[in-house]
Amino acid sequence: MSGGYFRQSKERVREYGSGILMSSQTDRCGRMIAIIHREESTLKKSVIITGASSGLGLATTRELAAAGSHVIMACRSVPKGEAAAAEIRAAIPDASLEVVELDLSALSSVRAGAREILAKSDRPPLHVLICNAGIQVVNGVQRSSDGYELTFATNHLGHFLLTQLLVDHIVEPGRVILVSSEVHQGPRKSMGFPAPRWEDPQALVDPDRSVLGDSAKSGRIRYATSKLANLYATYELARRVVPREITVNAFDPGLMPGTSLDRDWPPRIQRVYAQLTPLLVKTLPGARSVEQSSADLAWLATAPEPAGTTGAYFSGRQPRESSKESHDRTRAAELWTASERLVAAHG
């Protein structure tokens, strides 16, 4: 506590039962006061994760459920989400799971999903939000149902709105994690993946205003740009939630050949990519298996070690430096304001 009113006594913090800690402090008058604490790591929590029906989201859901969290699986397709939940329960019979329909590319669906989540009160308190889902469109330009460019709408705007709707309901100590990627660093650090091309947010959501075309390379640039937007959102939210006890961090899962980000690639390329996955994980720098990255993401969401770290970019279980461009505070604030306007336009 600030102001020096209490001073910690020499008595060590003692544990009383599962998750209950007691310490003693003395006030200025010398009176002994017992302070009861609940240990964060032992209490059952609810964790929301988007894109939970496949890839990194599914594997992370499995890790969280195995550790005892109640996991809210936010999925675009409820049947796929229920099938994924059944798969997890087959391996973990006591897994605590619920599936919520939430299509990040449609702002009305994000609002409906958030309402459904908040309307239910018979679950453990919400402590963690993991913004994981993402798409990469390489077969031309596609728009969301709201008319926005699909990659930016899904990877940034949908998560921005979801966070806006839920952050006030996250119980402290809480955590928000946005899954970004090293592709925001450009080709030198992402094995040749093209660098992001930042534009005015209005051009990012409107392909007719963008300098990018409809080539596969332009699609990859849009994906890299959306991952840069995830970092702007992370750092700006971390500043805005102060003084609440909520940490906000970004996570780089590494190059994961075993996910579904290649779903818009030609079928022949998908088959070759799938066959090469085990070799790529073993030989490529920065390549990781889905199992490795999901364990690290679950760790960042629940482990005590990163509890005091906020406004950071994690690769695996270590904070690392994101690009110089990602620390542009003016651009982050401008994106925040523009995002508020863009999501409000479809309220």
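Predicted model: local features only at pLDDT ≥ 70, side-chain atom pairs only at ≥ 80, totals over all residues.
**Entry 1: the whole chain**

I began with the contacts between residues at least 6 apart in sequence: in this chain, 69% of them join residues at least 24 apart. Next I looked up the secondary structure and found nine helices and twelve strands. The chain has 347 residues, and 52% of them count as buried.

I then checked the confidence. The average pLDDT of the chain is 85, and 78% of the residues score at least 70. Where does pLDDT stay under 50? I found that stretch at residues 1–42, and the model has 64 contacts beyond four places in sequence for it.

**Entry 2: α3 against α4**

Helix pairs came next. I looked up α3, residues 107–119, and α4, residues 150–166; they pack at an angle of about 30°, and their axes are 10 Å apart. Angles under 35 degrees count as roughly parallel, so α3 is roughly parallel to α4. I also noted that α3 and α4 cross in a right-handed way.

Which residues of α3 meet α4? I listed Leu-107, Val-110, Arg-111, Ala-114 and Leu-118. On the α4 side I wrote down Leu-157, Gly-158, Leu-161, Leu-162, Leu-165 and Leu-166. Sorted by class, the contact of α3 with α4 has nine nonpolar residues, one polar and one charged.

Is Leu-104 buried or exposed? Its relative accessible area is 6%, and buried means under 20%, so Leu-104 is buried. I listed what Leu-104 touches beyond four places in sequence: Thr-50, Val-110, Ala-133, Ala-153, Thr-154, Gly-158 and His-159. Two of these names were already in my notes on the helix pair: Val-110 in α3 and Gly-158 in α4. I also looked up Leu-104 and His-156, which are 52 residues apart in sequence and 8.9 Å apart in space, C-alpha to C-alpha.

Asn-155 has its place in helix α4. Its relative accessibility is 1%, so Asn-155 counts as buried. Leaving out residues up to four places away in sequence, I found that Asn-155 touches Ala-133, Gly-134, Ile-135, Tyr-223, Ser-226, Lys-227 and Asn-230. Ala-133 is on the list for Leu-104 too.

**Entry 3: α1 against α8**

Helix α1 covers residues 55–66 and helix α8 covers residues 290–302; their axes come within 8 Å and cross at roughly 55°. That angle makes α1 oblique to α8. The crossing of α1 and α8 is right-handed.

From α1 I noted Gly-55, Leu-56, Ala-59, Thr-60, Glu-63 and Leu-64. They meet Val-290, Glu-291, Ser-293, Ser-294, Ala-295, Leu-297, Ala-298, Ala-301 and Thr-302 in α8. The residues of the contact of α1 with α8 are eight nonpolar, five polar and two charged.

**Entry 4: Pro-253**

I found Pro-253 in the loop between β10 (246–252) and α7 (267–283). With 7% relative accessibility, Pro-253 counts as buried. What does Pro-253 touch, not counting residues up to four places away in sequence? I wrote down Leu-56, Val-179, Ser-180, Arg-288 and Ser-293. Pro-253 and Arg-288 are 35 residues apart along the chain, and their C-alpha atoms are separated by 7.5 Å.

**Entry 5: α6 against α9**

I looked up one more pair: helix α6, residues 216–240, and helix α9, residues 329–344, whose axes come within 9 Å and cross at roughly 90°. That makes α6 roughly perpendicular to α9. For α6 the contact list reads Leu-228, Ala-229, Tyr-232, Ala-233, Glu-236, Leu-237, Arg-239 and Arg-240. For α9 I have Arg-329, Arg-331, Ala-332, Ala-333, Leu-335 and Trp-336. The contact of α6 with α9 has nine nonpolar, no polar and five charged residues.

**Entry 6: cis peptide bonds**

A cis bond joins Glu-172 and Pro-173, with omega at about -5°. Pro-173 lies in the loop between α4 and β9 (174–179). I noted another cis bond between Val-242 and Pro-243, with omega at about 10°. Pro-243 is in the loop between α6 and β10.

Notes: Residues numbered from 1 in each chain as written. Heavy atoms only, no water. pLDDT = per-residue confidence, 0-100. Contact = heavy atoms within 4.5 Å. Axes fitted to C-alpha atoms, helices over the stretch in contact; angles between N-to-C directions. Helix = DSSP H or I, 4+ residues; strand = E, 2+ residues; numbered from the N terminus. Parallel < 35°, antiparallel > 145°, perpendicular 65-115°, else oblique. Left-handed = near helix turned anticlockwise from the far one by under 90°. Nonpolar A, V, L, I, M, F, W, Y, C, P; charged D, E, K, R; others polar. Buried < 20%, exposed > 50% of the residue type's maximum accessible area, 1.4 Å probe, protein only.
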